[in-house]
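Have the coordinates open and follow along.

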Amino acid sequence: MKKWWYLLAAFICWVVAGFSIFDFLPAQNSIAARPYQEISRIISTAPNITEILFAVGLEEKITGVTSDSTYPASAAEKQNIGNFWQPDIEAIIAAKPNLVVTLGFPLYPQQQNLADRLRRFGYNSLTVFNTEKVSDLFDAIEKIGIATQRQGQANALAADIKQKLDRIGFLVAEKEKVRVLYVVQRNPLRVAGRDTFINEMIELAGGENAIGATIQKYPPISSEQLIACNTDVIIEPTMGQENAELLEQSGLQYWSRFKNIPAVKNKRIYVVADDAISQLGPRLPEGVETITRCLKPELFENQQ
Amino acid sequence: MAQLLTKRKLFWQITLALVVLMVVVLCCSLIGTKQISLKSVFARAGQPNTINPDYEIFMHVRLPRIFLACIVGAALACSGVVFQAILRNPLADPYILGISSGAGLGTIIAVISGLSLPILGNSPIAIFAFIGAIGTIWLVWFIGRLAGKSNVTGLLLAGVVVNAFFSAIIMFLTSIAKSQQIYATIFWLMGNISEESIFVLWLAAGLTIAGIVALFYISPQLNALCFGADEARSMGIDTSRTQLIAFAVAALITSIAVCLSGLIGFVGLIVPHGVRLVFGPDHRRLLPLSAITGAIFLTAADTLARTIVAPAQLPVGVVTAIAGGPFFLFLLIRYTRKIGWLNK
């Protein structure tokens, strides 16, 4: 029996020692934490954050970006800190950043996890894009502007995006809304639901999401639901390195099964290879325009 | 394996194993995506206002991560030993009685209810996972008891059924949850070793070491239990007390491991078997050596996981299975001719 008491006593000593050696809350006073200094070494952990940083004129202050930051092209010259799905914390620390911009909870748990860890070591991290809404883009631009003391450029960028969106809005105003289905994946069939920024882009482009309200953001749907949607247009984005032509080819056979859907009947299935659509970033107006070209090609005929 | 196990021999074997562990820890702490050397780490120590990324990486990223891998590896290996002994089942691993699905259920409840306030600097997901794991194992124990005292089959069946039932609930919840909430759960469940705050590590290390020592105390009784509860009772052992202690402690250290790092498979299954094949089935030796081997194995596996596809990372469970499986088969073929499972 005695040995059990020894064990208990040893354990209590261990815990007490822990309390006295380390403070109850994790230490925050790391040498890397120096607030109120000029932000000169920025790390971006997502492609759309990189785009915003470039767009507000911080190019020379960006130290590292994720490997999937492909726009603008000069982003590729920056140091690689892993991909957006798995940022490499060692590479980030080695780059000696004084601002790390990450995506927010709950969409990107691994990014949140990274931000928490960096904060624990005393690094300055900024979380943007907490939701997936167009308004969140403007939030993110504003936050980045404040954090990097570039409010002027940030406001100009936001105003520019709004102006371009308004121009498209003016173009499609008073026109009939086109029903469109944004197909994320074919097997199983998965589409963008109402509670996504894709849905907002469709509406800005003068369309209407053919799918109604769903529980999930990108709901998987059955063939029956697909037919019931009765959509006029189908848009399929390419994912990553997928080849647009191949997707179009295989689509001919796939969609021929649903001959009675207006989109298939009228051959209005568009494969778009444009990361301005799949990423919510400063190129939002370009993405919206691409969608508008699919929905209402007649609006653009006279321009070319 | 007729040699007697003396205290002296055991002491030296454990010391030797600890030395190997130290060497592995040192080597692994110097391997990573960023090349660092011990010299550069401490080159500018003591100068407060300079940034030394090597020091930051070494002290804040690698060491905590390696210590966590040690704690989790030791905990899983030990509780694997114990579950294999008290259930008298070579397929038993730390998750066999439903800890995994209990923890998963706790996680998904935390995620769906939208809790994101950290508790003690830790995410609520970990706390909920811990509660889920402990609650489930208590439930299984309770049901097993209803099925009959020291009825191992009843316990095992209760564990399997509760596991299946909770898995079904998890699947139900994931299918009605909003998709972005599921990412957090899946990310967590995949098993993920990353740095923890030093205080959490310290507390977890204390609990795990205390648990392993407690299991070591009852290792003679565990030896007897391997012959079956009736035989053990005839040897004058209080079987239900031993089972209760073993069960509670193993569940506790497994839950700690799960709440720190998610579900990491395979360690709790192959490390005990590997050690048993090489060193024999005596629990007085099996328990401490399994703990140390588990720590070594998971540290090495995690180092591979974070470097092999750098700058990306593999889930550590992938490495434990791919590297551990063939090695275990090798041990199985090499040593089973010498001793049968549990000396039967």
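Leaving aside neighbours within four places in sequence, which residues is I86(B) in contact with? They are V152(B), L222(B), L225(B), Q243(B), A246(B) and F247(B), where contact means heavy atoms within 4.5 Å.

Before going on, some ground rules. This is a predicted model, where local features need pLDDT of at least 70, side-chain atom pairs count only at pLDDT 80 or more, and totals for chains, interfaces and linings use all residues. Residues are numbered from 1 along each chain as its sequence is written, chains are lettered from A and ligands numbered from 1 in the order written, and side-chain values use heavy atoms, with hydrogens and water left out.

Back to I86(B): it is among the residues with the most contacts inside the largest nonpolar core, which has 96 residues. A nonpolar core here is a set of buried Ala, Val, Leu, Ile, Met, Phe, Trp, Tyr and Cys residues joined through side-chain atoms within 4.5 Å; buried means under 20% relative accessible area, exposed over 50%, and partly exposed in between (1.4 Å probe, protein chains only). Helix α3 of chain B, residues 53-86, gives the most to this core, with 16 residues. Apart from it lies another core of 51 residues, including F138(A) and M201(A). (Helices are DSSP runs of H or I, at least four residues, numbered from the N terminus.)

Now look at α11(B), residues 239-261. Of its 23 residues, 18 are buried, and just after the helix G262(B) takes a positive phi of about 75°.

D302(B), in helix α13 of chain B, also counts as buried, at 2% relative accessibility. By contrast, L8(A) in helix α1 of chain A is partly exposed, at 41%.

Notes: Helices (H or I, at least four residues) and strands (E, at least two) are DSSP runs, numbered from the N terminus. The expected span of a helix is 1.5 Å times one less than its number of residues.
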